[in-house]
Amino acid sequence: MTSALSHRYAGVVLDIDGVCVTGKTAIPGAAEAVTRLRDAGTALLFATNNSTRTPEQVAAMLTEAGISAQAPEVLTSSEAAAELLAPGTRCYVVGMDGLREPLAARGCVLTTDPFAAEACVVGMDTSLVFSVLADAALAIGAGARFIGTNPDTSFPTERGPVPGNGALLAALRTTTGVEPEVAGKPHAALFDAAAARLPDGPRLMVGDRLDTDVAGAAAQGWDTALVLSGVSSAADAEASPVTPTYLAADLAALVDG
Ligand SMILES: [Mg+2]
């Protein structure tokens, strides 16, 4: 499908985990498929809801796995969250460098004073301490705009699922009664940020999850491809209210098919 894809789409957005890699290991054929798309002149973007890593760290991880990538080709939910804010916004941040760096690059001012914050931006922090969660609740309670990087309820580890950023957002929502604005898939902000980085014209989202990658992109009017190398199965696709434009075993089959 290489020539068909590259003729049909001005840009292709690839979800990372479950499409390009599993953990830090490339999915068989993914590196070659990315190369074939690039050789055909397709504009590519690697998009992830993971808010913990900077684009540089994500590009390095992909390259280490054998899928060459540059930081400007990576879009994280943290970057999409930053783009919801005007430069100069004073932000209280729950999160790691993967969130702090994009906010600083956006021109936001990071503050540790919850009562000085105009926005409270919440991403995953694997070293989270209670006082930070407490100050985030105080910031939101005092009127700061409540923004979440991504809604993922759990985070996969070798030992099993642990709380994801959606669980942190739920804790803050429970405390404050305020609903967060969320940037990551399936929400529009990440797709808006992706569209702004791609050439004008039709876009294709390639993902492994019906509820985030496929549903979110379809809601923006994009074509979608579900690959079966990650979370969602063919049976899930048959039962789903949203039908992907393409269904393939994996990225290699999509590109070669
Ligand atoms: Mg995925």
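In this predicted model, F130 and G141 are exposed on one side of helix α6. The buried residues of this helix are L133, A136, A137, A139 and I140. They cover an arc of only 160° around the axis, which places them on the same side of α6. An α-helix has 3.6 residues a turn, so residues three or four places apart point the same way. The packing partners of the buried residues of α6 are β6 (90-94), β8, β9 (145-148) and α7 (165-176). Helix α6 comprises 12 residues and spans 16 Å from its first C-alpha to its last, close to the 16 Å expected at 1.5 Å a residue. Just after the helix, G143 adopts a positive phi of about 110°.

The loop between β8 (119-122) and α6 (130-141) contains M124. This residue has a relative accessible area of 9% and is therefore buried, the limit being 20%. Apart from its neighbours within four places in sequence, M124 contacts S51, T52, G95, M96, T149, P163, G164, N165 and L168. The C-alpha atoms of M124 and L168 are 7.7 Å apart in space, although 44 residues separate the two in sequence.

The magnesium ion is coordinated by D15 (OD), D17 (O) and D208 (OD), at 2.0 to 2.2 Å. Along the chain, these donors follow the spacing D-x1-D-x190-D.

Across the whole structure, 9 salt bridges are found. One of them joins the side chains of D15 and K185, with an N to O distance of 2.7 Å. This pair links distant parts of the chain, 170 residues apart: D15 is in strand β1 (residues 11-15), and K185 is in the loop between β12 (181-182) and α8 (188-197). Both D15 and K185 are buried.

K185 also forms a salt bridge with D213, in which the closest N and O atoms are 2.8 Å apart. Because D213 lies in helix α9 (residues 210-219) and K185 in the loop between β12 and α8, the pair ties together parts that are 28 residues apart in sequence. D213 is buried, with a relative accessible area of 2%, and K185 is buried at 2% relative accessibility.

Methods: Residues numbered from 1 in each chain as written. Predicted model: local features only at pLDDT ≥ 70, side-chain atom pairs only at ≥ 80, totals over all residues. Heavy atoms only, no water. Donors = N, O, S within 2.8 Å, 3.2 Å for Na, K, Ca; no water. Helix = DSSP H or I, 4+ residues; strand = E, 2+ residues; numbered from the N terminus. Buried < 20%, exposed > 50% of the residue type's maximum accessible area, 1.4 Å probe, protein only. Contact = heavy atoms within 4.5 Å. Expected span 1.5 Å × (residues − 1). Arc of directions from axis to C-beta. Salt bridge = Lys/Arg side-chain N within 4 Å of Asp/Glu carboxyl O.
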